[in-house]
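Let's take a walk through this protein together, one piece at a time. Have the sequence and the 3D view ready, and follow along as we go.

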Amino acid sequence: MSGAGRLAAIGHVFRAEAFKVLRKRRVYVLAALYWAVLPILVLVTARVLHVNLARSFANEVGNVDQALQLFASPFGLVQVALAAPAYMSPTLYIVAVALVAALLIGDERSQNMWKSVLVVQPDRWAVLLGKVAVAMATLGALMLGGAVSGFLFGALGTTFLPTTFVGAWGEVAGLYLLQWAVLLAPTLFAFLMVFVVRSGVLGVVTVLFLPGLVEGIYTVLTSLAQLQPLNRINAVFQALRLQRAWEALPEYFFTANLYLPGRWPVRDAVNAFLETADEVDMGPLTGMLGGDLTLPHAGLVMLGYAVLFGVLLAWSFLRRDVD
Amino acid sequence: MSAIQAERLTKRYGSVAAVSDVTFEVSAGEVAGFLGPNGAGKTTTLRMLAGLVRPTSGHCRVLGRSVPGPGLREVGTMIEEPTFYPYLTGRANLRHAALLHGDVPARRIDEALAFVRMENAADKKVRAYSQGMRQRLALARAILWKPKVLLLDEPTNGLDPAGIAEVREALATVADEGAAVLVSSHILAEVEKLADRVLAIDKGVLRFDGSLDRLVSRMDEATVTYVVHAADVNTVLAAAQELGLTARAGDGGAALVDVPRAEAGDLLHRLALQGVKVTSATPLTDSLESAYLRLVNPAEKPS
């Protein structure tokens, strides 16, 4: 098929799948939670703090006002809309990814629709790329909606909170863009799982819990490896001289890198609140704030995951018979 | 050029051959019935023609183009039970298919719905549809972009007699407009009414490819059996014996005489020469059912 023909076919798939997504109620439920419930909860909390603590000793040096500016101003709420989904369990990002994968890939399986879809549009590359494009567009729309609603609710908050419109808007826009881009990897992973497992529900469950499970196993193994005296596990690592690589592995963990752009503003906020640019030992919070990972590192690692999952997905999708 | 071409199609699942060396062609404007019992290989063959399953060997073409490939955009299908997105209305399901295809004018959705008489139910969610309504909607989807080839798997399943008649009429219309139609069924009476040509498949092997007339008139056999009525059946039996032909008494005072196909034209003359006063002689034809059983199970020879 010619390039123009394939591009047109991708466009057809995009329009058809977008038509489907826009008619799925659960997308709107998720959007409502994200766009309305989250900022309202934050504003209510901020208002309660302001009313109760504004004139207390806690605000003698303006700490409470600073906190309100950090998370309840227009800029703060835009940051909250980026960061909060990365701190839920399971995270709102992965829930959205799983939902989109279930809708775009799982439905074809559970409703036995592949046999219709792939005859109407026989170019499987176009079907795959069109569906990925719709998934990314949906995630992008959810995130953009979160940012816009955060801004609007924050603007509303300025009428009853001591907050302003000040903020590093360019930086947060970049973080949004990066967070959206790195969602490609879990999207491809979710497509792969839902397609390969051949069960929408099981595929979604795998997407939600597999990365955490793998990383949990690593943690258990690490704990065992660190046990003294020498045991079978740490002996194997030492014998294979893998200790250093094993210790460096968390830097390449899926979840840590995936959520880094979303969690970045929290790291900034904590540092700002502590009024130091120096390294502060955050103890158990280190992992939650992204550790020592950098944004370029996270971007590259997630690109690697995206390539890996993309190749596996294309390989299985293009060659498999449709039942 | 044939609209549908299957050339030595074989599909194996491990050591099991679902379809073996199947070759046939269907021309534009022709309705071919794909006949066979459940598990005979009909659906697997249709899936291969629709590009959903890759043949283990052999290949298929649609409108002269290899499958899978862009030629499939000219194909409408209904394979196994009709499926839709249940949370969308019938009309929205067609709209989705139209968008996916990319070359369907908006008015075609209404035309297709009218064609299958589904205008009144088009705005209900598909989850509320009966089996018959789904079947009609599936046919509407299959003809949405005026395909030049229709591959239909048991299209009348779940339809009431009126619905079956409507589908029959619809397929005839589509074929009249120049489409090649391959319609599978395990119901002989249905194929008899739908198709002018039969492809009979059993255990993955194509057993017969030809017209219905040829199938029921035993034209593939070396001998023709004539049902001969005469004033006295015994004179027929005796004359046949004299002529070296096999004959036996049939129902209603008739004699059944087996004649080599090459000599069939002379039978009446030869009987007359033997002094038999023949009142009627007609070649014995099977019902479609018995003809089909004879094909798929040659050991049984129903009369």
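Which residues of α5(B) are buried? Before we get there, keep in mind that what you see is a predicted model. Now find helix α5 of chain B, which runs over residues 161–176. This helix has 16 residues and reaches 23 Å from its first C-alpha to its last, close to the 22 Å expected at 1.5 Å a residue. The buried residues in α5(B) are Ile164(B), Val167(B), Ala170(B), Leu171(B), Val174(B) and Ala175(B). Around the axis they cover an arc of only 135 degrees, so they end up on the same side of α5(B).

Next stop: a sheet. In chain B, four strands line up in the order β12-β13-β11-β14 as an open sheet with antiparallel pairing. At its edges stand β12 (246–249) and β14 (278–283) of chain B; each has a single partner strand, so one side of each is left without a neighbour in the sheet. On average, neighbouring strands here are turned by 25 degrees against each other, ignoring direction. Helix α8 of chain B, residues 233–242, packs on this sheet and touches β11, β12 and β13 (255–260) of chain B. The direction of α8 makes about 160 degrees with that of β12(B).

Let's look at one pair of strands in that sheet. Strand β11 of chain B (residues 223–230) pairs with β14(B) in the antiparallel sense, over five bridges. How many of the six residues of β14(B) are buried? The count is zero, so to speak a strand that is hardly covered.

Chain B has another open, antiparallel sheet of four strands, in the order β2-β1-β4-β5. Here the edge strands are β2 (16–26) and β5 (65–66) of chain B, each pairing on one side only. Within this sheet, β1 (residues 4–13) and β4 (residues 57–62) of chain B pair in the antiparallel sense over five bridges. Look for Glu7(B), which stands opposite His59(B) in β4(B). This sheet has a helix packed on it too: α1 of chain B (residues 42–49) touches β1, β2 and β4 of chain B, and its direction makes about 120 degrees with that of β1(B).

Finally, zoom out to where the chains meet. Here 26 residues of chain B are in contact with 24 residues of chain A. On the chain B side, the elements giving two or more residues are β6 (75–78) and α2 (90–101) of chain B. Of the elements, α2(B) gives the most, with seven residues. The residues on this side of chain B divide into 16 nonpolar, seven polar and three charged.

Conventions:
Residues numbered from 1 in each chain as written. Chains lettered and ligands numbered in written order. Predicted model: local features only at pLDDT ≥ 70, side-chain atom pairs only at ≥ 80, totals over all residues. Pairing = 2+ DSSP bridges. Axes fitted to C-alpha atoms, helices over the stretch in contact; angles between N-to-C directions. Contact = placed C-beta atoms within 7 Å. Expected span 1.5 Å × (residues − 1). Buried ≥ 20, exposed ≤ 12 C-beta atoms within 10 Å, placed from the backbone. Arc of directions from axis to C-beta. Nonpolar A, V, L, I, M, F, W, Y, C, P; charged D, E, K, R; others polar.
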